[in-house]
Amino acid sequence: MITEVQVTGAADIMRLLHELPYEMVSKRGGPVKLALAKGARIVRDQAKANLQAAIALNGDQSTGLLLKNVISSRGKPPIGSRGERYLVRVRRKAYPNRDDVSVRKTANLLEYGSSQQPATPWLRPAVQSRGQEVIEVMTADLLRRLELLVTRLAR
């Protein structure tokens with residue numbers, strides 16, 4: 001269950017990032033990490049709302065464990081690059097007293113369905129409905145943070 005969103009058309013931001021010293025884009029992530037985290041939180045919140053609606057639509061009883069384990073987290077950089085990555089995912093967790101069923105398996109069954117259960121997508125619609133807003137928020141936040149950084153370095 002991987003959907004990648006790449007921000008394109010932000011040539012000025014990329015140029016500015018390449019001109020910044022290496023210390024600003026370090027292991028701690030700098031302004032890029034914080035802007036990506038802000039965007040991931042928007043998608044995570046929408047995904048949780050969609051998930052809650054999908055559970056209520058089927059009339060299922062919920063323990064709340066699946067909803068509680070939808071998170072946004074920092075991921076490893078893409079292979080062959082030094083970029084940043086934030087993921088909206090379901091934490092690896094097992095239901096109490098049920099060793100064979102994990103929360104991820106339930107999330108996958110809801111998202112993609114099975115031969116016995118129709119799909120009730122909740123993550124993909126969150127990305128599709130809020131994707132443009134996320135790109136705008138990330139771009140604005142990154143520009144604001146970079147301007148603050150550049151003015152602080154200019155002193």
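Which residues in H5 are buried? In H5, Ala 126, Gly 131, Val 134, Met 138, Asp 141, Leu 142, Leu 146 and Leu 149 are buried, where buried means under 20% relative accessible area, exposed over 50%, and partly exposed in between, with a 1.4 Å probe and protein chains only.

## Basis of the model

This is a predicted model, in which local features need pLDDT of at least 70 and side-chain atom pairs count only at pLDDT 80 or more, while totals for chains, interfaces and linings use all residues. Residues are numbered from 1 along each chain as its sequence is written, and side-chain values use heavy atoms, with hydrogens and water left out.

## Overall layout

The chain has 5 helices and 2 strands, arranged from the N terminus as α-α-α-β-β-α-α. Helices (H or I, at least four residues) and strands (E, at least two) are DSSP runs, numbered from the N terminus.

Of the 155 residues, 32% count as buried. The accessible surface comes to about 10600 Å², with 52% of it belonging to carbon and sulfur atoms; areas come from the Shrake-Rupley method with a 1.4 Å probe, and for residues only the protein chains shown count as cover. Among contacts (heavy atoms within 4.5 Å) between residues at least 6 apart in sequence, 61% join residues at least 24 apart.

## Helix H5

Helix H5 covers residues 124–154, 31 residues in total. From its first C-alpha to its last it reaches 42 Å, close to the 45 Å expected at 1.5 Å a residue; the expected span is 1.5 Å times one less than the number of residues.

H5 has a kink of about 60 degrees centred on Arg 130. The bend at a residue is the angle between axes fitted to the seven residues ending there and the seven starting there.

## Nonpolar cores

A nonpolar core is a set of buried Ala, Val, Leu, Ile, Met, Phe, Trp, Tyr and Cys residues joined through side-chain atoms within 4.5 Å. The largest one has 15 residues, and those with the most contacts inside it are Leu 51, Leu 66, Val 90, Tyr 95, Val 103, Leu 110 and Trp 122. At least two residues of this core come from each of helix H2 (30–58), helix H3 (65–68) and helix H4 (103–112). Apart from this core lies another, of 5 residues, among them Val 32, Ala 35, Leu 146 and Leu 149.

Leu 51 touches Leu 66, Leu 67, Val 70, Leu 110 and Trp 122, leaving aside residues up to four places away in sequence. In soluble globular proteins, nonpolar side chains tend to be buried together.

## The strand pair

S1 and S2 run antiparallel and are joined by 6 bridges; two strands pair if DSSP finds at least two bridges between them. S1 is mostly covered, with 5 of its 6 residues buried.

Ile 71 is found in S1 and stands opposite Arg 89 in S2. Ile 71 counts as buried because its relative accessible area is 12%. Not counting residues up to four places away in sequence, Ile 71 touches Arg 44, Leu 87, Val 88, Arg 89 and Arg 91. Ser 72, also in strand S1 (residues 70–75), counts as buried at 19% relative accessibility. With the neighbours up to four places away left out, Ser 72 touches Ala 40, Arg 41, Arg 44, Leu 87 and Val 88.

Arg 92 lies in the loop between strand S2 (85–90) and H4. Arg 92 is exposed, with a relative accessible area of 66%. Arg 92 and Ser 102 are 10 residues apart in sequence, and their C-alpha atoms are 7.3 Å apart in space.
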